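Dear colleague,

Below it you will find my notes.

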Amino acid sequence: MSALRKAIRWLIAGQLPTHARAYLCVRREARRLAASLLFDPAWYLATYQDVGSCGISPALHYCRIGAAEGRRPGPDFDGEAYLEHHPTNWDHPSDKDACPY
């Protein structure tokens, strides 16, 4: 479904503000990730070669898709190991800036 069709459907259903906030939230998180020393875009593209054909930035891909698939943002960070040692309740983020995806 095209982005315009989705937006029209969300507008009619009264869901556009919610989806717009989520979109902006993911973009903000991608900018934060891109500025992080733990994210290596060249490594991410080389390791996950399918990302190059997506047409979005590696950081945005990681935030939207890669993290959920268990992909690593760089060679020096293992998200699964981190979450094992630092469990988080994603239903109730403690960070006021955290995005409830």
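Where is the place of Glu-69? In this predicted model, Glu-69 sits in the loop between helix 4 and helix 5, the latter covering residues 79–85. The side chain of Glu-69 reaches the side chain of Arg-71 in a polar contact of 2.7 Å. Glu-69 counts as partly exposed because its relative accessible area is 48%, a value that lies between the limits of 20% for buried and 50% for exposed.

Before going further, a word on confidence. The protein chain has an average pLDDT of 79, and 76% of its residues score at least 70. Among the elements, helix 3 (residues 41–47) has the highest mean pLDDT, at 95, whereas helix 1 (residues 3–13) has the lowest, at 68. Over residues 91–101 the pLDDT stays under 50, and the model has 10 contacts beyond four places in sequence for this stretch. Where pLDDT is low, the predicted coordinates should not be read in detail.

The largest nonpolar core is made up of 10 residues, namely Val-26, Ala-30, Leu-33, Phe-39, Tyr-44, Tyr-48, Val-51, Ala-59, Leu-60 and Tyr-62. Helix 2 (16–35) and helix 4 (58–66) each supply at least two residues of this core. As general background, nonpolar side chains in soluble globular proteins tend to be buried together.

The aromatic residues deserve a separate paragraph. There are 4 aromatic pairs by the rule used here, and one of them joins Trp-43 and Tyr-48 in an edge-to-face arrangement, with 6.0 Å from centre to centre and 90 degrees between the planes. Ring pairs link Trp-43 and Tyr-48 with Phe-39, Tyr-44 and Tyr-62 into a cluster. Why is Tyr-48 counted as buried? Tyr-48 is counted as buried because its relative accessibility is 16%, which is under the limit of 20%.

Finally, the cysteines: how many disulfides does the structure hold? The structure holds 0 disulfides. Cys-54 is partly exposed, with a relative accessible area of 40%, and Cys-63 is likewise partly exposed, with a relative accessible area of 22%.

With best wishes

How values were computed: Residues numbered from 1 in each chain as written. Predicted model: local features only at pLDDT ≥ 70, side-chain atom pairs only at ≥ 80, totals over all residues. Heavy atoms only, no water. Disulfide = S-S within 2.5 Å. Buried < 20%, exposed > 50% of the residue type's maximum accessible area, 1.4 Å probe, protein only. pLDDT = per-residue confidence, 0-100. Helix = DSSP H or I, 4+ residues; strand = E, 2+ residues; numbered from the N terminus. Contact = heavy atoms within 4.5 Å. Core = buried A, V, L, I, M, F, W, Y, C linked by side-chain atoms within 4.5 Å. Polar contact = N/O pair within 3.5 Å; in protein donor to acceptor, adjacent residues only side chain to side chain. Phe/Tyr/Trp six-rings, centres within 6.5 Å; stacked < 30°, edge-to-face > 60°.
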